[in-house]
Amino acid sequence: MYEGVVQDLIDELGRLPGVGPKSAQRIAFHLLQADPADVRRLTEVLTVVREKVRFCETCFNVAEAQQCRICLDPRRDVRLLCVVEEPKDIVAMERTREFHGRYHVLGGAISPIDGIGPDDLKITELVRRLGAEPVDEVILATNPNLNGEATATYLSRLLRSMGITVSRLASGLPVGGDLEYADEVTLGRAFEGRRVVDA
Amino acid sequence: MATYRDVAIVLRTHKLGETDRIVTMLTRGRGKARAVAKGVRRTKSRFGSRLEPGMLVDLQCYEGRSLDTVTQAEMIAPYGDRISRDYSAYTCAAAMLETADRISEEHEPVVQQFNLLAGGLSALAHREHDSGMILDSYLLRAVAIAGWAPSFTDCAGCGAHGPHRAFNLASGGAVCSACRTPGSAAPRPETFVLLAGLLTGDWPVVEASEEPVRREADGLVAAYVQWHLERGVRSLRLIDHTPSTPLPPHEVFARTSLGTSRGPRLPPHEVFARTSAGTSRGPRLPPHEVFARTSLGTSRGPRLGA
C-alpha cells in the first residue's frame, strides 16, 4: 500500500479493463517519472474525450458532433447498410477498404444468459432508420460466435419481412492458415459459402 | 502439472484479457468446471469455435489452483452452431445452459444432468419438437434430478391419488383439496396431463396438447423452477415462442452421435426421449433408458412433499 494520492492513482488505473494491480502500479510510477508536459497532455486528452465524444445520432458510432464522419460523408453509398455490434468493429471494417456503405452499431449482441434481449440493443432505431432511408441491402456483420449468430438470425427474420435484401458476412478459412488445422465449424461454413471460380 | 480429459458441454464464456476466455462447462466426469482457453478470440484460433456455448466437446485440460487451462478441444457435436440458426431454439438453449450452470456445483459429478443437457441440446439442434416444450421438459427433469421432483398426478402433500385440481409451488406440484393452501393455482386438467407428459418424456401426449394449455404449463414450469432455485433464471424472460422453421433436408441426416474415446455411444436424440433413475455414482444406464422415466429419488434428498 502506498500513501494517499499515489495509491488512489493505482486503484483508479487498476479499474481499467485488462489492467491488473501490478500493471497499475507500473503505469502509476511511469507517470510519476514522466515529463510533466506529457502527463498534462494525457490529462487534457482524457478530459476532452469525455466531454466531446458522444454517440452518432444516426448510427451510434463514436462521434465528436451529432453525426459521425461516415454518416456525414456524401460519397458513402446510402443503399448499403452494415450492422455491427460495437464501434470498434467499424474500424476493423474500414481497414478492409472494401465497404463503401454506411453502418449501424447495435451496442452489443443478444445474450439471454446475461439478460440482454432485442429491446436492449439499437434494433428499434435500425428499423426506424430502414423505414426512412433508401437502403437496398443490410449486411449483418455481428461477431461469428453464438450470440452474434443468434443476433443475426433474429435480425434477418425481422428485416426480411420489410422486403430488404439481408446478407451475412461469410465465414471461412483465414488467409495464411493451413487447411488441416481448421476447425470443423469454420470448415463447414466455408463449404456452405463456397463460390464458383470464374477464371 | 496434472492433466485430465473429459467430455464437456460449454455452458457460458467470459472474456479474459485481450484474446482469452474463461469457459464454464459441465463435464461428464467432474461436474461443473471452469477453465481458461488461451487465444480463442483470435480469428486464427484452432479451437475457438469449439468452445462456444452449447458445444459438446472432448477436452484436455491441466489443473490450476483456481482455474484449469484448456490445452486441446475436439468437437463431438456442434449443437450451439445449429441452435444459433433458429432464434427461438437459441433462447431456449440459453435458458437450459443457465439452469444447468445454476443447478450444478463445481467438481461434483452429475452424470444425469450432463446426459439430460446433451439430450436437450440435441433435440433443439435437430428441431425434434417445439423448442418451448423441449425447454419445459428439460427444466422439469433437471429440477427432478436435483431433488425437487414435482408431482402432477398424486397429491404432493399427502400422496392421495389424483387427478387433483390445484397446483402449489411450495408443496411440489398438484395438491388435493385438503392440502390446498391459499395462493395455489388452479390450472386446467389438460395442463396437468401435459406437465406429467413433459416430466416423463411422453412426447405423443406433449405433441397433442393445444397452445393455451402449453402457455399455462410454460408459466407454471418457469415459476416452479425459479421458486426452487431460489433465484430468477434471466434467460426465461427472453424466451421467443415463434415456431421454428423446418430443418433443411440435408441437415436432417447430419445427426452426430456422442461416441467418444472414453464412453459408450450416446445417441443424444434418444437420450432426451427418456429419463433414467440412475445416480451420478450408480451404474450407467443404457442411453435409451436415460430419458425414459424420471425417478423421484435424488442426490440432494427426497422430493418435497413426498
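A crossing of two helices is termed left-handed if the near helix is turned anticlockwise from the far one by less than a right angle. In the predicted model examined here, the crossing of α7(A) and α2(B) is left-handed. On the side of α7(A), the contact is made by A:Leu146, A:Asn147, A:Ala150, A:Thr153, A:Tyr154 and A:Arg157, while α2(B) contributes B:Tyr87, B:Ser88 and B:Tyr90. By class, the residues of this helix contact divide into 5 nonpolar, 3 polar and 1 charged.

In total, 31 residues of chain B are in contact with 28 residues of chain A. The size of an interface is often given as the accessible area lost when the parts come together. For chain B and chain A, the buried area is about 2500 Å², and carbon and sulfur atoms give 55% of this area.

Between chain B and chain A, 5 salt bridges are counted. A:Asp114 forms a salt bridge with B:Arg12, with 2.8 Å between the closest N and O atoms. Three elements of chain B, namely β1 (3-16), α1 (79-83) and α2 (87-103), each supply at least two residues of the side that touches chain A. Of the elements of chain B, α2(B) gives the most to this side, with 7 residues. The side of chain B that touches chain A has 10 nonpolar, 8 polar and 13 charged residues.

Over all chains, a search of the whole structure finds 23 salt bridges. A:Glu94 and A:Arg76 meet through their side chains in a salt bridge, at 2.5 Å from N to O. A:Glu94 lies in helix α5 (residues 87-96) of chain A and A:Arg76 in the loop between α4 (69-72) and β3 (77-84) of chain A, so the pair ties together parts that are 18 residues apart in sequence.

Note on methods: Residues are numbered from 1 along each chain as its sequence is written. Chains are lettered from A and ligands numbered from 1 in the order in which they are written. This is a predicted model: local features need pLDDT of at least 70, side-chain atom pairs count only at pLDDT 80 or more; totals for chains, interfaces and linings use all residues. Side-chain values use heavy atoms; hydrogens and water are left out. Contact means heavy atoms within 4.5 Å. Buried area is the accessible area (1.4 Å probe) that two parts lose on being put together, summed over both. A salt bridge is a side-chain nitrogen of Lys or Arg within 4 Å of a carboxyl oxygen of Asp or Glu. Helices (H or I, at least four residues) and strands (E, at least two) are DSSP runs, numbered from the N terminus. Ala, Val, Leu, Ile, Met, Phe, Trp, Tyr, Cys and Pro count as nonpolar, Asp, Glu, Lys and Arg as charged, and the others, Gly among them, as polar.
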